[in-house]
Each structure stands twice: as C-alpha cells, then as structure tokens.
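Hi everyone, thanks for coming. Let me walk you through a structure that may be new to you, so please have a look at the screen.

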Amino acid sequence: GIAIPHVRTLQAKDFTIAFARSAEGLDFDAPDKKPVHLFLALVAPPYDDQFYNKVLGRIATLVAQEEVRRQLLETTDVHTVIKIFSRP
C-alpha cells in the first residue's frame, strides 16, 4: 500500500519530498499487485549520498510501522503529517 518513487537528477536544485494519499488506492504497478494508498516522492540532486540515504531509510522505517501508516491514512491535517515524519 506504499510507493516511494525517488530520483536523483542534476535538474533538482534542492532535496524535495512530496506526500499524497488515496483512500481508494491506485494501481501503481506494485510488486504485490495491490493498490497503493500512500505515496512519498523524493527528488534530489545527485550529491550528498549520506543525507539522501538517511532520509530514504528513515521514511522506509517509519512507513513500515502499522501505526504510522494508519495515522497517515486517517489524518486530515498537514501539520500532523509533518509531525509524523519529524519524529525522532
């Protein structure tokens, strides 16, 4: 139910993350063929490997938690989304 498309390109000036969700789920050609409900897209310049890998790893760790996924699916407040991803 989660997609994390990510790209590193010289066209990116800064590291950018976008979050979206779909209550109904969308076909995103997932390996398990199930609909995707949570989308986290990352775009970054092709330098600073350590930061890029740290952020990508942290996102993957967070969304692997059932409680985090539930909160992301249920919240209607952007500030709550930011708080979820800002947890230590």
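Ala 18 stands opposite Ala 41 in β4. Strands here, of at least two residues (E), and helices, of at least four (H or I), are DSSP runs numbered from the N terminus. Two strands count as paired if DSSP finds at least two bridges between them.

A quick word on the source: this is a predicted model, where local features need pLDDT of at least 70, side-chain atom pairs count only at pLDDT 80 or more, and totals for chains, interfaces and linings use all residues. Residues are numbered from 1 along each chain as its sequence is written, and side-chain values use heavy atoms, leaving out hydrogens and water.

Back to β4, which has other partners. Strand β1 (residues 2–3) runs parallel to β4 with two bridges, and Ile 2 has Leu 38 as its bridge partner there. Strand β2 (residues 6–8) is also parallel to β4, with three bridges; Arg 8 pairs with Ala 44.

Yet Asp 29 has a positive phi of about 55 degrees, and Lys 33 one near 65 degrees. Asp 29 is exposed at 61% relative accessibility, and Lys 33 is exposed at 66%. Exposed means over 50% relative accessible area, buried under 20%, and partly exposed in between, with a 1.4 Å probe and protein chains only.

Finally, Gly 57 sits in helix α1 (residues 49–63) and is partly exposed at 30%.
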